[in-house]
Amino acid sequence: MVNPVVIGNGNPLFRGMTDHVKLKLLRTKTFRSGNVLHYYQPEKTRN
Amino acid sequence: MMVSLDGYFEGPNHDLSWHVVDQEFNRFAVEQLNQIGTLFFGRVTYRLFEDYWPKAGRDPTTSKDDLEIAQVIDDIEKIVFSRTLTTVKETKDWKNVRLIREAQPEEIKRLKQLSGKDIAIFGSNDLATNFLRMASSTS
């Protein structure tokens, strides 16, 4: 859920991820506060 | 998982005070929790929850929304994934917790089949990263 706020510093989401992962956006839900929830599904990578 | 517009899940010193939480969010949280059979946590988020929710559930000044969330979180099955913790403690207002020391894909699949309901990870950035890595590499 993306919060409508910039904090400038901290730890990034999925810190430590080294590979690229493609995600499929399934749907979103927008809140009156400006929060936007994203529903994602990881796409399978073939190794 | 909450994330700031500039991509952070926590500010310096685990700061989460920037989370935008209102009544609409709390209602959504309760609805979502009611559809979940099992909650997964990493150590850091688990400790935050363990410190906050049982206390909030006992505190007469806690809002109605939070009391409801405290109750649902107490009732729901909670699994903590940690190699650091050796035990997880249950108390009369903090039940249904267990510890798994190593996240194996087969074990997760089995839990998913057993539960029948959704499994959710709350917060737990490092655990979610591990699971995302697993999900993207298993077919």
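**Two chains in a predicted model**

In this predicted model, B:Ser124 lies in the loop that connects S6 with H5 of chain B. The phi angle of B:Ser124 is near 50 degrees, which is a positive value in a residue other than glycine. Most residues other than glycine have a negative phi. B:Ser124 has 24 C-beta neighbours inside 10 Å and therefore counts as buried, since the threshold for a buried residue is 20 or more. A positive phi is also found at B:His14, where the angle is about 55 degrees although this residue is not a glycine. B:His14 is placed in the loop between S2 and H1 of chain B, and because B:His14 has 12 C-beta neighbours inside 10 Å, this residue counts as exposed.

The largest nonpolar core contains 16 residues, of which B:Phe40, B:Phe41, B:Phe49, B:Val80, B:Phe81 and B:Leu127 touch the most other members. Two or more residues of this core are given by each of S3, helix H2 (43-58), helix H3 (64-75), strand S4 (77-81) and H5 of chain B. When residues up to four places away in sequence are not counted, B:Phe40 touches B:Ile79, B:Phe81, B:Ile119, B:Ala120, B:Ile121, B:Ser124 and B:Leu127.

Chain A, by contrast, has zero helices and four strands, and its elements run β-β-β-β from the N terminus on. The C-alpha trace of chain A spans about 40 × 30 × 5 Å along its principal axes, and buried residues make up 6% of the 47 residues in this chain. Strand S3 (residues 23-30) and strand S4 (residues 36-42) of chain A are paired in the antiparallel sense over seven bridges, with A:Leu37 in S4(A) as the bridge partner of A:Lys29. In the hairpin formed by S3(A) and S4(A), five residues lie between the strands, and A:Gly34 takes a positive phi near 100 degrees.

Between the two chains, 29 residues of chain B are in contact with 27 residues of chain A. On the side of chain B that touches chain A, at least two residues are supplied by each of strand S1 (3-4), strand S2 (8-10), helix H1 (23-34) and helix H5 (125-137) of chain B. The largest share of this side, nine residues, comes from H5(B). By class, the side of chain B that touches chain A consists of 13 nonpolar, nine polar and seven charged residues. The chains are also joined by strand pairing, in which strand S2 (residues 11-12) of chain A and S2(B) run antiparallel and are connected by two bridges; here the bridge partner of A:Pro12 in S2(B) is B:Tyr8.

Definitions and conventions
Residues numbered from 1 in each chain as written. Chains lettered and ligands numbered in written order. Predicted model: local features only at pLDDT ≥ 70, side-chain atom pairs only at ≥ 80, totals over all residues. Contact = placed C-beta atoms within 7 Å. Nonpolar A, V, L, I, M, F, W, Y, C, P; charged D, E, K, R; others polar. Pairing = 2+ DSSP bridges. Core = buried A, V, L, I, M, F, W, Y, C linked by C-beta atoms within 7 Å.
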